[in-house]
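Here is a guided walk through a structure, from one residue out to the whole chain. Keep the viewer open as you read.

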Amino acid sequence: MLTPILLIPLATALLCLLVRSQRLMGWLNPLAFAITLALGVCLLNEVLAHQVVTEWNEFFYADALSAWMVLLISAVSLGSTLYAGRYFRRDLAAGVVTAGRVKEFFVLTPVFAAGMFLVVLANNLGVMWFALEATALSSVILVALYNRRTSLEAAWKYVILGSLGLALALFGTVFTYAAAVNQNGPEQLPSFNWSHFMAVAGQLDHRMIKLAFIFVLVGYGTKAGLAPMHTWLPDAHSEAPSPTSAMLSGVSLKVAIYALLRFHILTTQCLGTGYSRTLLLGFGLFSMFLAAPFILVQSNLKRMLAYSSLEHVGLICAAVGLNTPVTIFGALLHMGYHALTKPVLFFAAGNIHQTFHTMKLRVIGPGVIKVLPVTVLFLGLAAVAATGLPPFGLFYSELTVLSGGFAAGHTVISFLIMTALVAAFCGVLKQLTRILPGTPKVARVADAAVWDGVPAMGLLVGGLLVFSVWVPVPLLRLIHQAAGIIGGKP
Amino acid sequence: MIMNPSAPTPIGSQIIMLFAALMLVLQLLLVVQKMLLTNIRLYALQSLMLTVIAAVIAWYYNATHVYIVAVLTLVGKVIFLPWLLNRLVRRIKIVEEIEPLINAPTSMLICGGLTLLGYIVARPFTTLDKLGNNTLAIAIALLLTGFFLMINRRKAISQVLALLTIENGVMLAAVALTSYGMPLVVELGIFFDVMVAVMVLGILVYRIRESFASMDTSKLTQLKG
């Protein structure tokens, strides 16, 4: 079951390399991710029944946390590729991209997704590292797809900062390996598997693990966009084509957090709870507080959305850092709801960009609702959700985190988190009220993208609405189980 | 895989130490050297030192997979990557020298300080034997000076070189610190990732050169805030 999840996107990439019809490529991609989503649901059931699923002599290893990530990656990739078909047809017609570049997108996106699947399914920590590097490399080309000066600049910053971060993470990975080697004398270790390391966590060299976690935190933290290593994030998110922005923000950041969490679990098992959780909490809070003012003053729609992602990533890390069962549960739930919300915002931004040919909020001006009523409907719903208003799930998950924090006696920290959330809430609402209502400056925009992306946005918003009011019991059990893995058994 | 549980003899660990130190020396030369093509050659030489270290370790421990790592390093980083970078430099016809932001003597002093810092970080690891302790210090020093090299250079290709020297530092840590090296699958994965990374970077450098008519990364300043 784990092998097909990896092979299907790779096979799709190969197929797309061979076929010429763009329409066909535009259908093959979503089809592949629909299949992986179905496989993810099967995996969910397996994991609930057996706790852990392994394949190929434990090379692939999936527990509840991996299964949860598989579902998120599939859902976001499905939405993004579904949206991409129409989006690129419009770009092609406008002459912004060439047919070759569109093909590049449909070949590299499944590779990008396959890399993410490998990150969450690999048992070997070294394999996890190179899978993450593979996701970075495939997405860099996607960020540079438009070949504008600004997108090249964004891609360059992304690849240099990303590679530096991953080099640090590799140092951390090597140190983790070394921590086990030195205790066992000059013997080849049986494996570099996470499950094996968890079993021997008590015997690892404590000092070495401490050093390793710092390196891994800064390294994978760069890829996850944690402040102050986040500077590539707004650039890459704003310059990439919208479907890629959606994937970067919707899951790629969370996959990096997943890698970080694996080391966090290992470090906690080895050193006790105090060390890694404090670091996560610090970086998380800092990211949240840094994001809020940037959202308030931002003049570019997609950059504002990118900073909002930074804020959500910060919240997830801070919630894990609070380290109570309730907050960790909230963090995982938040990952899921955010993965359904943020892509919709980027799709809507894509439609606005293709209609107004700019991302500058001032130029877009008021009255988008008159020009793009359907897009604004989805944008509004997703924005309300992303700012954490009821009845959407993000409200519930944020409330879970806060109540968990207050209940555990972390009053000051919970209060800080609440402040940052309110600030970001004001920022996003203020910015969107500037452009959405009112009368447009130009009476009529020719060739507005009125009905574009409705299937993709409808799918994700529909999912968000359903899961906001009703989370199926197996899914709930899965998240509980995953929270148990992160927080240790209660 | 046949294992020989004895540690390297004093001569063996001295050879490893010597070549690790040479890697650091080459790194410092990279910091002060201004000609791009010479920089690429220095990097190739540094990778050659890494190959020798891997080979020595493989010989002492009689570990087949470390031999494979040595061969891969030789083929990939001593021959293929420098060739690729050379070709790229010729193709985009760069004639200018690198203009570092900080002059050579000051850079040298800073790098000396960074090396010292590497030794300070590695100092508490007393559980490691002397070999491990020294190579850990050199690996961290390579990392820090690599960072400095990256900040100090504005040409896109020399930033790629800085990244590659950092990666050499990681590989030094990986072969020397863990005595048998990492599992083969990991080493292979890292190796191919580095190759692909350089190709991706090469494509980007080429495109940046095309649309900016320069590869000075200090011109990449349009995205802010």
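Ser308(A) counts as buried because its relative accessibility is 6%, where buried means under 20% relative accessible area, exposed over 50% and partly exposed in between, with a 1.4 Å probe and protein chains only. Before going on, note that this is a predicted model, in which local features need pLDDT of at least 70 and side-chain atom pairs count only at pLDDT 80 or more, while totals for chains, interfaces and linings use all residues. Residues are numbered from 1 along each chain as its sequence is written, chains are lettered from A and ligands numbered from 1 in the order in which they are written, and side-chain values use heavy atoms, with hydrogens and water left out.

Ser308(A) sits in helix α12 of chain A; helices (H or I, at least four residues) and strands (E, at least two) are DSSP runs, numbered from the N terminus. Leaving aside neighbours within four places in sequence, Ser308(A) is in contact with Ile295(A) and Lys342(A), contact being heavy atoms within 4.5 Å. With Lys342(A) there is a side-chain to side-chain polar contact at 2.9 Å. Such a contact is a pair of N or O atoms within 3.5 Å; within protein, one must be able to donate a hydrogen and the other to accept it, and residues adjacent in sequence count only if both atoms are side-chain atoms.

The 15 residues of α17 (393-407) should span 21 Å at 1.5 Å a residue, and the end C-alpha atoms are 21 Å apart, so the two agree; the expected span is 1.5 Å times one less than the number of residues. Just after α17(A), Gly409(A) takes a positive phi of about 90°.

Now step back to the whole chain. Chain A has 20 helices and two strands, and 67% of its 490 residues count as buried. Among its contacts between residues at least 6 apart in sequence, 81% join residues at least 24 apart. The C-alpha atoms fill a box of roughly 75 × 55 × 40 Å along the principal axes.
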